[in-house]
Amino acid sequence: MTEPTQDSLWQSTKELAEADLTAAAARAPERNRARSHLPDGQPESAAFLNGQPRPEPDLRFRDPALEPIWRKVQTGERLTRSDGLTLFASPDLNGLGAMADWRKTQLHGDQAYFVFNRQVNPTNLCVLDCKFCDYAHHPLDPKGYAMSIDQVLAKLSPELREVHIVGGLHHQWRFDYYVDVVRQIRRAFPTIQIKAYTAVEIDFFAKIAKLSIERVLETLVEAGLDSMPGGGAEVFSERVRAELFPKKIGAEAWLNVHRIAHRMGIPTNSTLLYGHIETHEERVDHMLLLRELEDEAPGFLAFIPLAFQTGYSDIVKRGPSAVEDLKTIAAARLLMDNMPHIKSYWVMLGEDTASVGLNFGASDIDGTIFEEKIAHAALAESPVGLARERILQMIREAGKIPVERDALYNIVDRYPIRASEPGTATGDIASTGQVTAPGQVVAGA
Ligand code: V47
Ligand code: SF4
């Protein structure tokens with residue numbers, strides 16, 4: 001008998017994985033196949049402004065290098081890598097923002113989305129030690145915690161539209177436990193959509209359970225998973241990976257998990273951790289790889305640029321400036337023409353920059369991000385009401401129309417552009433719960 005070679009082993013694993021994927025796809029209902037989540041047509045507010053036809057944009061650029069890019073943006077011609085570098089190099093922040101806002105308005109009109117959601121981080125114990133992460137702890141560290149399923153459930157309430165689960169890679173938990181977290185949430189809260197586990201966690205589950213990625217995802221979907229968050233991508237650069245997160249999966253494996261998820265009809269998000277040692281070239285290349293994957297296997301809902309928080313790490317003295325934040329949002333909107341939404345993530349940008357980001361190409365501000373304690377409607381002065389109001393205020397200050405969505409971007413409520421005007425929103429959804437202190441960084445795999 002001949003010994004199997006490395007190549008033949010890889011081939012048979014690949015064949016097994018492909019067989020799993022075909023079987024999983026066959027079992028998935030028709031609506032759950034890879035598809036683009038870009039809006040079908042233009043929303044009304046893309047064509048009209050204050051009831052009048054929206055005037056043709058007449059942009060004047062301080063930086064002439066942006067003019068050929070603007071012509072491409074207007075005609076729908078795809079931007080190149082070199083265009084991406086021009087965007088980052090340009091000192092014309094207003095010109096960049098105006099182009100990105102125009103493109104965003106074409107896609108989503110004046111609407112800016114948010115979700116009534118809650119993040120849950122079941123454990124901060126992690127077998128990896130990414131240099132930029134202050135969240136994770138080693139098993140013997142007294143600051144480490146691991147939640148029981150009851151503790152997870154106690155953080156949720158039926159009014160939530162989305163629970164976002166992300167945590168460390170626990171040294172002892174079995175895959176079944178992670179599945180049970182999802183299953184028990186689905187049982188206890190059938191209406192909350194579950195956005196759980198990054199590609200890094202999925203890859204880890206496949207390794208500890210000795211299952212294919214397809215089987216891991218299929219098991220989680222059977223348990224109640226609705227979509228996947230975009231964390232763990234960091235920067236798709238081997239140079240940065242070797243320096244900051246050498247033990248974590250790289251670009252190929254991250255993209256492969258999302259490729260498989262999309263083919264199975266599971267919508268996912270994507271991220272970029274920026275503002276540390278990466279270059280503009282690396283940011284552009286990262287975005288182009290996401291664009292390529294979306295072309296090949298559509299299924300992304302959103303891209304979330306994650307502004308690096310320096311914390312206790314000694315990587316750089318300060319995180320990205322507001323100018324870098326806004327350039328990254330705008331470049332993302334312009335380069336990734338097939339990405340449905342760009343998020344202006346207030347937790348990491350701060351509320352003010354996040355609000356400005358809604359005029360730089362972002363169409364989403366993420367959500368309320370609750371604490372575990374549930375406030376009662378009787379507590380009218382509670383942080384919950386304030387948080388909901390604050391999100392609406394941030395969107396309104398940006399001159400956009402607040403639209404409440406669920407995890408899959410189905411519209412839940414529309415709010416008037418001015419607080420004093422009547423709208424369709426009942427406001428009852430957001431009247432319970434408490435909000436995480438602004439600026440708190442919730443991280444994970
Ligand atoms: O994967 C870790 C990052 C991510 C730091 O999909 C840090 O809707 C900045 O991915 N500074 C978790 N970032 C958060 C995340 C996310 C957040 C909001 C929405 C969605 C979504 C996803 O946070 C981790 C890692 O990439 N991270 N440490 C830090 N010091
Ligand atoms: Fe672990 Fe994620 Fe932190 Fe890396 S970023 S150490 S994988 S929790």
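A residue counts as buried if 20 or more other C-beta atoms lie within 10 Å of its own.

**Figure 1. Overview of the predicted model.** By that criterion, buried residues make up 47% of the 445 residues in the protein. The fold holds 16 helices and 12 strands. Among contacts with a separation of 6 or more, 80% join residues 24 or more positions apart.

**Figure 2. The open sheet β4-β5-β6.** This sheet has 3 strands, and its pairing is parallel. β4 and β6 (193–196) stand at the edges with a single partner strand each, so one side of each lacks a neighbour in the sheet. On average, and with direction ignored, neighbouring strands are turned by 20° against each other. Helix α7 packs on the sheet and touches β5 and β6. The direction of α7 makes about 165° with that of β6.

**Figure 3. Strand β5 and its pairing with β4.** Strand β4 (residues 117–120) and β5 pair in the parallel sense over 4 bridges. Arg-118 stands opposite Val-163 in β5. In a regular strand the side chains alternate between the two faces of the sheet. Strand β5 (residues 162–165) is covered on both faces. Glu-162 and His-164 are buried on one side, and Val-163 and Ile-165 are buried on the other.

**Figure 4. Helix α8 in its surroundings.** Of the 11 residues of α8, 8 are buried, so the helix is largely enclosed by the rest of the structure. The buried residues are Ala-199, Val-200, Glu-201, Ile-202, Asp-203, Phe-204, Phe-205 and Ala-206. They pack against α7 (175–188), α9 and α11 (251–263). Lys-210 follows α8. The phi of Lys-210 is positive, near 55°.

**Figure 5. The contact of α8 with α9.** Two packed helices are described by the angle between their axes and the distance between the axes. For helix α8 (residues 199–209) and helix α9 (residues 213–223), the angle is about 105° and the axes are 9 Å apart. The two helices are therefore roughly perpendicular to each other. From α8, Ile-202, Phe-205, Ala-206 and Ala-209 take part. They meet Ile-213, Val-216 and Leu-217 in α9. The contact has 7 nonpolar residues, no polar and no charged ones.

**Figure 6. The contact of α3 with α5.** The axes of helix α3 (residues 66–75) and α5 cross at roughly 5° and come within 11 Å. That angle makes α3 roughly parallel to α5. Leu-66, Trp-70 and Val-73 in α3 meet Gly-95, Leu-96, Met-99 and Arg-103 in α5. By class, the residues of this contact are 5 nonpolar, 1 polar and 1 charged.

**Figure 7. Pro-91 in the loop between α4 and α5.** The loop lies between α4 (81–89) and α5 (93–108). Pro-91 has 10 C-beta neighbours inside 10 Å, so this residue counts as exposed; the cut-off for exposed is 12 or fewer. Val-323 is 232 residues away from Pro-91 in sequence. In space, the C-alpha atoms of Pro-91 and Val-323 are 9.7 Å apart.

**Figure 8. The shell around ligand 2.** There are 14 residues around ligand 2. Cys-126, Cys-130, Cys-133, Ala-136 and Ala-445 come nearest. The shell divides into 10 nonpolar, 2 polar and 2 charged residues.

Key: Residues are numbered from 1 along each chain as its sequence is written. Chains are lettered from A and ligands numbered from 1 in the order in which they are written. This is a predicted model: local features need pLDDT of at least 70, side-chain atom pairs count only at pLDDT 80 or more; totals for chains, interfaces and linings use all residues. A residue is near a molecule or strand if its C-beta atom, placed from the backbone, lies within 6 Å of it. Ala, Val, Leu, Ile, Met, Phe, Trp, Tyr, Cys and Pro count as nonpolar, Asp, Glu, Lys and Arg as charged, and the others, Gly among them, as polar. Axes are lines fitted to C-alpha atoms, for helices over the stretch in contact, and angles run from 0 to 180 degrees between N-to-C directions. Angles under 35 degrees count as roughly parallel, over 145 as roughly antiparallel, 65 to 115 as roughly perpendicular and the rest as oblique. Two residues are in contact if their C-beta atoms, placed from the backbone, lie within 7 Å. Two strands pair if DSSP finds at least two bridges between them.
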